[in-house]
Amino acid sequence: MSKFIERPRYLCSMGGAVATLKALPKAISIIHAAAGCGGNFGNALNGATGYLGSGYCAGQALPSSNVYEKDIVFGGEERLEEQIANTLEIVDGDLYVVVTGCMVDIIGDDAVAVANRFKDSGKPVLAVETGGFKGNSFKGYDLVLGKLFRDFVAQQPVKDKQTVNIFGLVPIQDVFWKGNLNILKALLNKLGFKANTFFGEGETIDNLKQAGAASLNIVVSDVYGIGPAQIFEETHDVPYVVVPLPLGPSSTEEFLRQVGAALKVDHTLVDQVIAEEKAHYYGYVERLGDVYNDLDFQRYSVIVADANYGPALTKFVADDLGWLPELVVITDILSDEEQALVADRFRGFASGIAPKVVFDTDTSNVSKHFSAAWPRNNNARYFDSFSPAFVLGSSLDREFAESLGAAHLSVTYPISNRVVLDRTYLGYDGSLRLIEDIFGLLVGSR
Amino acid sequence: MDYISEKAPPVREERLRACNAYGGPSDHLVEKSKKGCLNGIKRKFSQTQGCQLNLSLAIINTIRDAVVIVHGPVGCGGGSLAQAGVNKGFKQLRDSGSRGLLWVNTNLGENEVINGGEANLREAILYAEKEFRPSAIVIVNSCVPAIIGDDVDSVVEQAQKEVTARIVPVHCEGFKTKIQASAYDAVYHGILRNLLENRQPELRTEEDELELLKEKYQASRTINVLNVSSMSRIDEYELVRLLKALDLNLNILPCYAHPHDFYKATEAALNVSICATHDDYFVEHLKEKYHIPFILRTIPIGVKYTNRWIMDIAKFFGIEEAAQRFIDQEVKQLEEALAPYRKLFKGKRVLIGGGEIRVVANAELLTYLGLEVIGLRAYHYDQFGDEMLGEQEVVQRIPFNVATGQPFEQANLNANLKPDLYMGHVGTNVWAAKQGIPVLPLFHQSQLFLGYTGVFEVARRLARILRNPSFNQKLGANVKLPYYESWYEQDAFAYIDEGNIQA
C-alpha cells in the first residue's frame, strides 16, 4: 500500500510523460484523459520550473480528448480517434504521442490499438499507457523513453563507434535540464564523441530516431532511465553504463574517467581534458580564495533533493566547497533496492564527510530529521549551533531554511522563486555557475 | 434552491445548462442562451482545460489555517507547486501570522485502485490534524476515488469524531463536468454543509443590552462581499472604500478567509457578489437557509457596472440619494484623470478573453476608454451573461467564442482579426504574445482592477504597455505557434460541432 505524501515534489506518471514530451523537439502529446489533467500539468510545468512557459504545444495548447462522465461510462476510444485525426490536421508536429490518464486506463480504453491504426497508415503516432496511479513524474519519463526506444528508434545493425546516447537526466523535473544537457554533450565532445541527448539544444526527433546506431548508452542516474536502458539494450543491442551526475569538479572528473574507460578512450586524452578543464575552473575559483577566507564562507548545510541531485550536490559541497553537509533528505519515491543504490553514492567522499542521509517524501519531515540530526539548544550558554548554514533544496524548503536562519538556494524541483533559462550546474562550467549563485547570496546584502 | 441535503451539488450542465463551446455573433449567443439551446455543443478537436478540482483549489488554497487534502493519484493538485511560493504572502496580507500553503496528497497507486483508497484518506486526515492542528481540513476528491467507489463521506464522518479541525469534503471530481466553474458550487457546497452548520453560539460572560443593540445595528449595516481568487488585496480595499463611503461594513469571503469567518457570514444583512458565475449557488442557499437577501447582478469593473453595483446595494438600504452623490463625485474626478489617456487609446482594437462576466464587463470598460472591442472569448456561457452582454450595443455583431482555453481558436481569431491588444486570462496570454500582440492581463493578484480607481489603474497600465510592446513584437517575429498555416485559413469555429444540441 502506498502512503500519503505531504507536498509531493512531482506530478503523476502522466504528468512526467507530458513533461518529457514537452521537452522533446516538436513532439506533440495528445492526452487521453479528463479535461483537468493537462491544465493541472500546465501550471506545475511552468510556475514551478523556473518559468519554463507553455512550450511549443503544451500548457493550455495541449491536445486533449477531455473525456467526461459519458465517455467514462460508454468508453472513450471513439473520441480519442476523432481527437488524433483532428490533431494531425491542425497541429504541426514530427511525432504525436498519446498518453493516457487514470480514468481511461481504469475503464480499459485501448489507446495503443487506436494509435496503431494511425501508425499503420503511415502517421507518426504512438500511445503509452501512463495512468497517474502508475507512479510519479519519474515513472512517466521511464514509460515514455521505454516506448520510444522500443517502437520509435529505428533498428540500426551497424553501430557508429563515435556516437553515444545520454539519458537519466529527467527533463523539466531537472529544472536546469537544457543547460545541463548542453554540458553533457560538450563533455562527451571533448572525449571525441558525439552525444544524443534527445532533448538538447539543436537536436531534432531524428537524433532520437537514429539513436539505435550509438555504441553506448550513458545513464547519469542510479534509478531513472535504467529501465529504458535495458529496453534499449534488448531492442537495439546497445549496452549501457551508469555513471555519476557530473556536478562539481570532483564528480565531473569521475564522470570523465568512467565514461572514458567505458568508451576505451586513451588515458592521456582523458587526463589532458581533465587538466585543461580544471585549469579553467580553478582559474576562476582562485578569485574566491580571498573572500572565502576573509569572510569565512564555510557553511553547515542541509540538502533536500531528488535521487539524482542529492548525492551530486552533497559531494560538491563536501569535496569541492569544503562545506559540512550534515543532513541530506532524498524526497523521491524509491524501492529499497533503489535507496541502497542512491545511499551508496554518499560513501567514500574524499573529504571524509559522511552526512546523515534519509529517504522521506514529506516536506514537513525535513525539519524533524534535522532535529534528530542536530541537537537543539536547551538554554546552554555554550552551544555548538548549526550556524552558519546553507540549505540547498527546492522553493518548498525556503521556510525550513528561514527557521534555521540559513541562506537558501532553489536547485531542485519545484523552483518558483527563480527564472531558469540555459543555466547549468553540471560539468566545470556549471560548477562555476553554482558557485556564483551560492556565494552571490552570501554577499547579496553587502 | 436547496441541494444542501445532497452529498454533492449538481454540475452546471444540469443546473444552469451552461455551455463551453460556441462561436458566432454575440447577439445570437444571447438569443440562443435565452432559449436554452446551447447545452451539449462539442468540439471535435480540443485542448486541455482545467477541471473542477483545479479550480476548487483556486479558492481552497487561499483559506487560512487550513490543510488541503487532495484525495487522488500523486499528480492531482500538482498545480499547487506553482502557487506555494506566493500563497503565503497573499495570506499574510490578511493576517500577518498566516502559514503558507499546506497540502497532502493521498497518493493513490495501483494497489488502491484495486483495493480502495479510504485508508489513505483517513491516515492523511489524522496526519494533517496531528502535524498542523489546523482549523479546517479541506478534502478535494478527484476522479479515481469516485470511480473506484471510495466512500469519502463515511471516512469523514468517522474521522470528524477524532479530530478537532472541521473537515470539509469537496466533491469536485474532474470527469463529472466540462464546466470548470462547477467547482465554485462544489466548494460552496462543502462550506455550506460543514463550516456553517452546527454553529456554536458565542459564549458571553456578561449580557449587556446596549452592546447587543449595537451589534444588531452593526449587523444590519454589514454586508458579505464575496471575493474571487483572481482579485487582489488592493481590489478589496477599493470595494471597502466604495462601501465605507455609504457607511456600510464588509465581511470579505470566501478567498483568504479564516474557516471561522464563515460562521459570521450568516449574520450579515446582505450578500453581494462581484461575479454571478462564482457565487450564485452560495447566495441562493444562504437566502434559502438563513433568509439573507443577495445582489448578484454585476461586477464592479468599469464605470457603468461599478455605478450599477453601488446603486443596487444602495437601493437595498434605501440610500440611493447619498449613493448617487458619491457616484457623481467619483465619476467626475475619474473623468478628469482619464482625459489624457483616451486619445492614446482611440481606435485601438482589442480582443478580450476570460471568465464570462469579467470579459463582458471589460468590454464595457475598454469601450468607455475609447478602444474598439472586436472579439470576446469566455470560458463558458450561461444565463448570467445575458443582461450585460445583451445591453452593450457595440459588441452585438462581433464574434463571441465560448471556449475554456482552446488557444487554437484564439490564435485563429487573433491571426484574422489582427487586434492591437489582447486582454486575457492567465495561461492564454502567451499565445497572443507569440503572435506579436501586446497583452494586458485580465487580472493580476497584485494589481488593482475594480471600482473607480481600478478604471484609472487599467488605463495607466494600458498606456504603459502600449508605449513599448517590443518584447512581444520580437517574440512574434521569432517564434511560431504549433498550428499549420492552413488552420488560419479555416473558420475559427470549424471544430465546434453543433450536431448534438440538446434543445
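## Strand pairing across the chains

A:Glu6 stands opposite B:Val104 in S4(B). Strand S1 (residues 5–6) of chain A pairs with S4(B) in the antiparallel sense, over two bridges. Strands are DSSP runs of E, at least two residues, and helices are runs of H or I, at least four residues; both are numbered from the N terminus. Two strands pair if DSSP finds at least two bridges between them.

This is a predicted model: local features need pLDDT of at least 70, side-chain atom pairs count only at pLDDT 80 or more, and totals for chains, interfaces and linings use all residues. Residues are numbered from 1 along each chain as its sequence is written, while chains are lettered from A and ligands numbered from 1 in the order in which they are written.

## The contact between chains A and B

Chain B gives 57 residues to the contact, and chain A gives 63. Residues are in contact if their C-beta atoms, placed from the backbone, lie within 7 Å.

Several elements of chain B each supply at least two residues to the side that touches chain A, among them helix H3 (52–60), helix H4 (80–92), strand S4 (103–105) and helix H18 (407–417). H6(B) gives the most, with five residues. By class, this side of chain B has 28 nonpolar, 22 polar and seven charged residues. Nonpolar means Ala, Val, Leu, Ile, Met, Phe, Trp, Tyr, Cys and Pro; charged means Asp, Glu, Lys and Arg; the others, Gly among them, are polar.

## Domains of chain A

Chain A is assigned domain 1 (13–151), domain 2 (160–280) and domain 3 (287–415). The bounds come from an automatic or database domain assignment.

The centres of domain 2 and domain 3 of chain A, taken over C-alpha atoms, are separated by 27 Å. Their contact takes 15 residues from domain 2 and 16 residues from domain 3. The domain 2 side has eight nonpolar, five polar and two charged residues.

Technical notes: Two residues are in contact if their C-beta atoms, placed from the backbone, lie within 7 Å.
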